[in-house]
Amino acid sequence: MPSVIVIGGGLAGLSAAAALGSAGFRVQVFEARPFLGGRATSFPLTPSDEASELIDNCQHVLLRCCVNLLDFYGRLGVRDRIQFYREFYFIEPGGRISTLHRGRLPAPLHFTGSFLGLRFLSLADKVAIGRGLLALRHERTRRDDLDRITMLDWLREKRQTPRAIERFWQQVLVSAINEDIDRMAARHGFQVFWLGFLARAEGYEMGIPSIPLGELYRADLWQAAGDVSLRLRAPVERIDADGITAAGEHYAADYYICALPFERLAPLGLPAPAFEHSPITGIHLWFDRPVTDLPHATLLDRTVQWMFNKSEGRYLQLVVSASRELAAKSRADIVSLAVRELGEFFPQAREAKLVKAHVIKELRATFSAAPGTEALRPAAETQRPDLFLAGDWTGSGWPATMEGAVRSGYLAAEAVARVSGRPARFLLPDIA
Ligand SMILES: Cc1cc2nc3c(=O)[nH]c(=O)nc-3n(C[C@H](O)[C@H](O)[C@H](O)COP(=O)(O)OP(=O)(O)OC[C@H]3O[C@@H](n4cnc5c(N)ncnc54)[C@H](O)[C@@H]3O)c2cc1C
């Protein structure tokens, strides 16, 4: 069977490797770091301590509509390690909780009952949102300007109230797309609401890994994926016509998949668009006592957007997407801001003592899904017939997410299979 070298052990490279491995190809993955997972990974909190607990670089969540990511987890036998939640908790400063969940009505009416009960929106806000969702459903396949205008342009066109924009549309989309609605192309907002909220009643269910992210791609799981060998601490330094150079050694294969972030292509002599980045900040807080019994919640009107309860309400992970305003702040300032804000939502946090804290600023978390970006995202094929691209920034049809990365990996794997004369289908269609 043909051999394939995959450069980069993030989700794009890993999914390409798993797909091709299961189709009988001989695959080698070269990853620069000592662990797999790229931007969706975990590492020891204290690297010098062998018994140190593993923490995720940042809480990663998926929705039930991420069918290719779930398929990839299935290939490694870890799909059951994703725990799904049907409730979305919105909390206002002061602690009032509203819950969004599906009821008995079929899609797209499945949220009707709980949506009408949301206490952080007025009736006028809800009427506006209802009108907006109907328009979105109608215009999604009819408009050709959705990659040219921002989501905010579209929401204003639909006369959404300021509170509906701030507390509903922005709150949902900033985390899903990692961009503010005034910078995000409307097509991405449409896709999130269509696939996550309207197309199917279960599409919105939120999946959270029950184990550290890095454990989802553990070395021993790869036996199920065919002839795939993983080379860690093997940064690729060059890509030539006859192979690659990694950690000073030369390797050759029939095909190559470059699954690196876009900013890593130029040093290897490959062209890539110069997208702008959008940062994400993850804040890990450990308290001396439980401060909440909710599994997770989205926090309204403040800097911190999401809280995830990682262990008995004592260890919380907070997430700020599109976190440009935190980029220049010190870690100590970010921790005190987070603790202060947490106290506004969870009274117990005001009494609790902070035992330790850890802040991870991912300044290059994803590309900014700005208007005009979509046309610049390349397909898997390159000018070289044996070289293919993957990565969340390539033309996957999804924004920069784990699902987008896996889709790009599957598309690159399909392209390799096609040119090798062994066509195969790996990409699963969207749920609607
Ligand atoms: C903080 C944060 C939170 C996020 N939250 C979510 C979320 O909740 N849900 C969601 O769906 N998505 C989320 N994302 C986005 C998601 O993590 C990414 O879209 C996805 O993981 C990208 O995968 P990738 O394989 O394209 O790239 P990467 O994960 O960046 O993989 C590229 C790999 O290449 C390696 N590499 C680099 N240079 C070389 C070299 N020269 N040789 C060999 N290897 C090299 C890197 O070490 C890396 O492992 C988040 C991202 C971040 C940063």
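**Chat on the model**

Reply: R26 sits in strand β2 (residues 26-30). Strands here are DSSP E runs of at least two residues, helices are H or I runs of at least four, and both are numbered from the N terminus. This is a predicted model: local features need pLDDT of at least 70, side-chain atom pairs count only at pLDDT 80 or more, and totals for chains, interfaces and linings use all residues. Residues are numbered from 1 along each chain as its sequence is written, and side-chain values use heavy atoms, with hydrogens and water left out.

Me: Is R26 buried, exposed or partly exposed?

Reply: R26 is partly exposed, at 41% relative accessible area. Buried means under 20%, exposed over 50%, and partly exposed lies in between (1.4 Å probe, protein chains only).

Me: What does R26 touch, beyond residues up to four places away in sequence?

Reply: M1, P2, S3, V4 and D227. Contact means heavy atoms within 4.5 Å. The R26 side chain also reaches the backbone oxygen of M1 at 3.1 Å. That is a polar contact: a pair of N or O atoms within 3.5 Å; within protein, one must be able to donate a hydrogen and the other to accept it, and residues adjacent in sequence count only if both atoms are side-chain atoms.

Me: Switching to the ligand. How many residues surround it?

Reply: 33, and the closest are E31, R39, H60, D392 and M402. A residue counts as near if one of its heavy atoms lies within 4 Å of the molecule.

Me: Which backbone atoms lie by the ligand's nitrogen atoms?

Reply: A backbone N or O of A32 is 3.1 Å from a ligand nitrogen. For V61, a backbone N or O is 2.9 Å from a ligand nitrogen. T401 has a backbone N or O atom 3.4 Å from a ligand oxygen. The protein covers 93% of the 1000 Å² of accessible area that the ligand has on its own. Those areas are Shrake-Rupley, 1.4 Å probe.

Me: Which elements each supply at least two residues of the shell?

Reply: α1 (11-22), β19 (354-367) and α10 (402-419). By type, the shell divides into 18 nonpolar, nine polar and six charged residues. Asp, Glu, Lys and Arg count as charged; Ala, Val, Leu, Ile, Met, Phe, Trp, Tyr, Cys and Pro as nonpolar; the others, Gly among them, as polar.

Me: Now α8. What span should that helix have?

Reply: 21 Å for its 15 residues (331-345), and the end C-alpha atoms are 21 Å apart, which agrees. The expected span is 1.5 Å times one less than the number of residues.

Me: Which of its residues are buried?

Reply: In α8, I334, V335, L337, A338, E341, L342, G343 and F345 are buried. They pack against several elements, including β15 (277-287), β18 (315-321) and β19.

Me: What about T394, where is that?

Reply: T394 is in the loop between β20 (387-389) and α10. T394 is buried, at 3% relative accessible area. Leaving aside neighbours within four places in sequence, T394 contacts R377, P378, L389 and S408.

Me: Last one, backbone geometry. Which peptide bond is cis?

Reply: A107 to P108, with omega near 5 degrees. P108 is in the loop between β8 (97-100) and α3 (112-116).

Me: And what is phi of A322?

Reply: Near 45 degrees, a positive value in a residue other than glycine. A322 counts as buried, at 11% relative accessibility.
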